[in-house]
Amino acid sequence: MQVNESFCLWSDLLGYGSNFYKSNWDITSELSLVNIKRIKSLQPFWLRVNNPFQEALFTLNDGLVRNFDITREHYPVILDWLVNVIYTFDLINRLDTQNGHPGLRGVLAYGQRIKYIDKNYTGRGEYIQTSPERKDMFNKKIVVYSPSELQMNTAFSKAYIIEGSGSKKGVSGNNLYIDQM
């Protein structure tokens, strides 16, 4: 198995879940629509890729993962990505707070990752006994996502755990925290 070194930023919109709790998880409620409008307004910056050659971006509800694979021979590229990821985090945070929301909190961590599943995704057709043509048709619907960038990724694990630890561990407010590696 190949070991890759990477930086990973996990960030999460603050207060996002409270509207769902208050509306009894009804996604069509007025409060839920506030959440949808909120995240849609951030989308141009939320989905900004800072380096398409080495960064992979994943969204999950109100969470955002940025993974950057490190190549030792390109230190200026690493520094450029770090500057841009901090700038983008700050930009999203400012836009969200200007719109009356609490902003986002994030943790940037360094770690290693190992790909342990051969495919990044599996289509529905792999679970159905049918002709090759129909299998191709059914495979258009992905039923398993397993992106290599998130497989056994210790940088992601650290960032997620630190961010989720909350104010009891000194992680609070709409700030960006950087793990001491």
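This is a predicted model: local features need pLDDT of at least 70, side-chain atom pairs count only at pLDDT 80 or more; totals for chains, interfaces and linings use all residues.

Trainee: What pattern does the protein chain follow along the sequence?
Mentor: Reading along the sequence, you get β-α-α-β-β-α-β-β-α-β-α-β. Helices (H or I, at least four residues) and strands (E, at least two) are DSSP runs, numbered from the N terminus.

Trainee: And how many helices and strands does the protein chain have?
Mentor: Five helices and seven strands.

Trainee: What does the C-alpha trace span?
Mentor: About 55 × 50 × 30 Å along its principal axes.

Trainee: How much of the protein chain is buried?
Mentor: Buried residues are 39% of the 181 residues. The cut-offs: buried is under 20% relative accessible area, exposed is over 50%, and partly exposed is in between (1.4 Å probe, protein chains only).

Trainee: What about contacts between residues at least 6 apart in sequence?
Mentor: Of those, 66% join residues at least 24 apart. Contact means heavy atoms within 4.5 Å.

Trainee: Switching to aromatics. How many aromatic pairs are there?
Mentor: The rule first. Rings of Phe, Tyr and Trp (its six-membered ring) pair if their centres lie within 6.5 Å; planes under 30 degrees apart are stacked, over 60 edge-to-face, and the rest tilted. That rule gives nine aromatic pairs.
Mentor: Take phenylalanine 7 and tyrosine 110: the ring centres are 5.9 Å apart and the planes sit at 65°, so this pair is edge-to-face.

Trainee: Where do phenylalanine 7 and tyrosine 110 lie?
Mentor: Phenylalanine 7 is in strand S1 (residues 3–13) and tyrosine 110 in strand S4 (residues 104–114), so the pair ties together parts 103 residues apart in sequence.

Trainee: Is phenylalanine 7 buried or exposed?
Mentor: Buried, at 12% relative accessibility. Tyrosine 110 is partly exposed, at 23%.
Mentor: Another pair is phenylalanine 68 with tryptophan 81: centres 4.7 Å apart and planes at 20°, so they are stacked. Phenylalanine 68 is in strand S3 (residues 63–69) and tryptophan 81 in helix H3 (residues 75–98), 13 residues apart, and the pair links distant parts of the chain.

Trainee: What are the accessibilities of phenylalanine 68 and tryptophan 81?
Mentor: Phenylalanine 68 is at 0% and counts as buried. Tryptophan 81 is at 1% and also counts as buried. Phe7, Phe68, Trp81 and Tyr110 form one aromatic cluster.

Trainee: Helices next. At what angle do the axes of H2 and H3 cross?
Mentor: Roughly 155°, and the axes of H2 (residues 30–46) and H3 come within 10 Å. Axes are lines fitted to C-alpha atoms, for helices over the stretch in contact, with angles from 0 to 180 degrees between N-to-C directions. That makes H2 roughly antiparallel to H3. The scale: under 35 degrees is roughly parallel, over 145 roughly antiparallel, 65 to 115 roughly perpendicular, and the rest oblique.

Trainee: Which residues of H2 and H3 make the contact?
Mentor: H2 brings Arg38, Leu42, Phe45 and Trp46; H3 brings Thr88, Leu91, Ile92, Leu95 and Asp96.

Trainee: Now asparagine 67. Which strand is it in?
Mentor: Strand S3. Asparagine 67 is buried, with 0% relative accessible area. Leaving aside neighbours within four places in sequence, its contacts include Ser6, Phe7, Glu55, Arg113 and Asn153.

Trainee: And where does serine 148 lie?
Mentor: In the loop between strand S6 (142–145) and helix H5 (154–165). Serine 148 is buried at 11% relative accessible area. Not counting residues up to four places away, it touches Arg113, Lys115 and Asn120.

Trainee: Last one. What is the phi of asparagine 24?
Mentor: Positive, about 55°, although asparagine 24 is not a glycine. Most residues other than glycine have a negative phi. Asparagine 24 lies in the loop between helix H1 (16–22) and H2, and is exposed at 65%.

Note on methods: Residues are numbered from 1 along each chain as its sequence is written. Side-chain values use heavy atoms; hydrogens and water are left out.
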